[in-house]
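Let's take a friendly look at the empty spaces inside a protein. Rolling a probe the size of a water molecule over the atoms shows where empty space is left.

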Amino acid sequence: MDFQLTEDQQALQSGVRSFCDGRIPVEQLPEIVEQGGFDRDLWREVAEMGVFALRVPEDDGGVGLGAADAVLVFAELGRRLVPGPTIWTHLAAGRIEGADTGDVVVGGLDLIGEQRDVILVEYLDSLDTLMVLREDGVYQIDPRTLKAEPVAVPLDPLTPLHHVAELPLGDRIGDAADATRIWFDGGAIAAAQLLGIAESTLELATQYALTREQFGRIIGGFQAVKHILADMFVRQEVARAAVYAAGATIDDPVVGDVARAVSSAKLVAGDAAMKNSRACIQVHGGMGYTWEVPAHYFLKRTWVLESVFGTGEEHEMRIADLVSVGR
Amino acid sequence: MDLRYSEQDEIFRAELGAWLDEAVPAHGKPPSKADWPARRAYDTGWQRKLFDAGYAGINWPKEFGGRDASLTEQLVYYEEIARAGAPYIGVNFVGMLHGGPTLIAEGTPEQKANHVPFILRGEQVWCQGFSEPGAGSDLAALSTRAVRDGDDYVVNGHKIWCSFAQAADYGELLVRTNPDEKHAGISWLILPMDAPGLDIRPLPTLVGEGEFSEVFLEDVRVPVANRVGEENDGWRVTNVTLRFERGTAFASEMYQLREFLAELVGVAKRVTRHDATAWDDAALRREVGHISAELDALWAMVKLSVCQSTQTGVPGLGGSAIKLFYSELYQRISELAVRVLGRAGLSREDVAGLPSEHFLARAMQSLSLSIAAGTSQIQRNIVSERILGMPKEKR
Ligand SMILES: Cc1cc2nc3c(=O)[nH]c(=O)nc-3n(C[C@H](O)[C@H](O)[C@H](O)COP(=O)(O)OP(=O)(O)OC[C@H]3O[C@@H](n4cnc5c(N)ncnc54)[C@H](O)[C@@H]3O)c2cc1C
């Protein structure tokens, strides 16, 4: 066992991080919002980094890496709120042609998670195809055939939505076991993005606490603020451990129970992102409540990610069921 | 990023597990907490068995009789100790986790020879005399005075919260050797607990049991040869020790919380609320699910931290984050356990076939976790200052 990042993993992580920092600095988020959340050029660059082909075997033209690598990459994308259906296109790679190169933009719907009565499709206008996870299998739907109403004002300005009143069944492209596997992969990847949010909100709050002055001193000198930050750090590290463990368990299921590891990661990382986003706003004071300071984007994206691949409450129940039978 | 134990680790696990499965039941049940001689005999007897079987000092260097196990073997060790329900380290805690490691790192050859092998075999019990009524979180404010007189220091002062003082042969004693300096005026002494002038007065805890004591020192003579490190360099020596405390000292206890949660679930399935079991309550199941996720995350955090310390050789600052999270999580589990007991939790002894004694003992003991070895507030100071770079509090 060596639960640290390998040198390759560190390089992968810092590569994606410097791309994100350079290409979409936090200050630029409002501009991306203006463009409607999805930016083709950015999408292509993300694809060129191998984000979608990451886990496709090398023989099939992919990068040939595993879930442990994927969680590192997606934590970085989460840190900078990279817009677009990155998770779904990554999950579809190797299954839907063109997804691995990003040429085909794949969106998705999770109908395995507990809520199935309100169907909202993300980024519909930018999608080439839609992958639907149901308990009995994986389905593919042509988004152009959907009768869909745009949601006038989506909660997350970076995640445009359409409401679909009636969803056709679509073409079956995978069985129940495939659907489950993709769902757990998606849970780990969404958890990784939530970890990224927990990290960047701590980073923003830390920077602000070191610069904003009141009562003649930086607010980071007030213990009430320091302790908020310390708790954010703890949550970030708890989430990191759980997310890395989920990635490593998917890659090598001998070391644990994938269902349990992913549920734990999604739950714990969701918690960390939610609480850290709120704390980030609090540390910014009135500025935190403005549209201008990007803190709110992180909370809003957290709400989006919390709603897919199992909410915290759903995972609580799933884990309780596993614990109940001694798994 | 690999979580699979090596074949060698698994062989180690199998051997250790087989040994524990025989040795643990054979060692019998722990004696009453009030009976210090019996507690000492029980805990040191177990330490001796560990020693004879080659498992004592799992992380100690070989040259001092330790096993010097690889970090992953240490993780296996903590998991197996927890799984087998092996005796708690008990009165050996200070010797094995503070005194011994400090002497190994800082002691003279003679000090090492006089103490280290004995601690390892369970023949010497140590306690820690750091805190004072006026120096708790602000430990460096301690005022117990040591004045040189020939080859001795003459020590006067008042220590408090000394765990295991009643069972101990030696104490790690922090004294002030220079009253004009704060951190730079402290020395670290080996205190024989039978020295004339020592008065040990037990201080009952809220559990109602003896755990720690006050120690009064009146003209106690401690040979200068018992000083570890240079005069007035005791603060640095102390920090060598405290770092160990915040590392993996509680790893087995952390892992063991899973068993506690399983036990709690078992009870929830038996007790009733109206005409259903407590386990039928979805809110309770969710809480259990949440705690279980956090326990798994805690153990993953320990693994991550242990693997990272291969590079640095000592537990890092991440130990503060682990301690903060563990203390709070343990308190939440035991709070839930008491709720599951319901009215049965009003009895300190088992009642109606429910494990009141065990659950309540844990619920009460867990309160000390956010106080002892650096309160949670102090840990938050450490994290925000040393990791996040916030301005430092007054020292
Ligand atoms: C079960 C148990 C066993 C122990 N065993 C030993 C032992 O064997 N040997 C030994 O030497 N000591 C031992 N201790 C003592 C322990 O280390 C101290 O209790 C601890 O360091 C806190 O000191 P204090 O009790 O004086 O509390 P105080 O320092 O008086 O703290 C009181 C409150 O003020 C807060 N506070 C203090 N300073 C700050 C600050 N700068 N910022 C924010 N908040 C602050 C604290 O968090 C706490 O909530 C033990 C304690 C317990 C509970």
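This briefing covers the cavities in the model.

The model is predicted, so local features need pLDDT of at least 70 and side-chain atom pairs count only at pLDDT 80 or more, while totals for chains, interfaces and linings use all residues. Residues are numbered from 1 along each chain as its sequence is written, chains are lettered from A and ligands numbered from 1 in the order in which they are written, and side-chain values use heavy atoms, without hydrogens and water.

**Cavities**
- There are four cavities of 30 Å³ or more (a cavity is a set of points on a 1 Å grid over the protein atoms alone where a 1.4 Å probe fits but cannot get out, and lining residues have an atom within 4 Å of a point).

**The largest cavity**
- Its space is about 160 Å³ (a volume is the space filled by probe spheres set on the points, which are joined across faces, edges and corners).
- Of its 15 lining residues, A:Gly84, A:Ile87, A:Glu122, A:Gln193 and A:Leu305 are the closest to the centre.
- The largest cavity lies between domain 1 (7-177) and domain 2 (191-324) of chain A, because both give residues to its lining (the bounds come from an automatic or database domain assignment).

**The second largest cavity**
- The second largest cavity has a volume of about 50 Å³.
- Residues lining the second largest cavity include B:Cys127, B:Lys159 and B:Glu172.
- Strand E4 of chain B gives the largest share of this lining, three residues (strands are DSSP runs of E, at least two residues, numbered from the N terminus).

Terms used: On a 1 Å grid over the protein atoms alone, a cavity is a set of points where a 1.4 Å probe fits but cannot get out, and a pocket is an open set with protein on both sides within 12 Å along at least five of seven lines; lining residues have an atom within 4 Å of a point. Helices (H or I, at least four residues) and strands (E, at least two) are DSSP runs, numbered from the N terminus.
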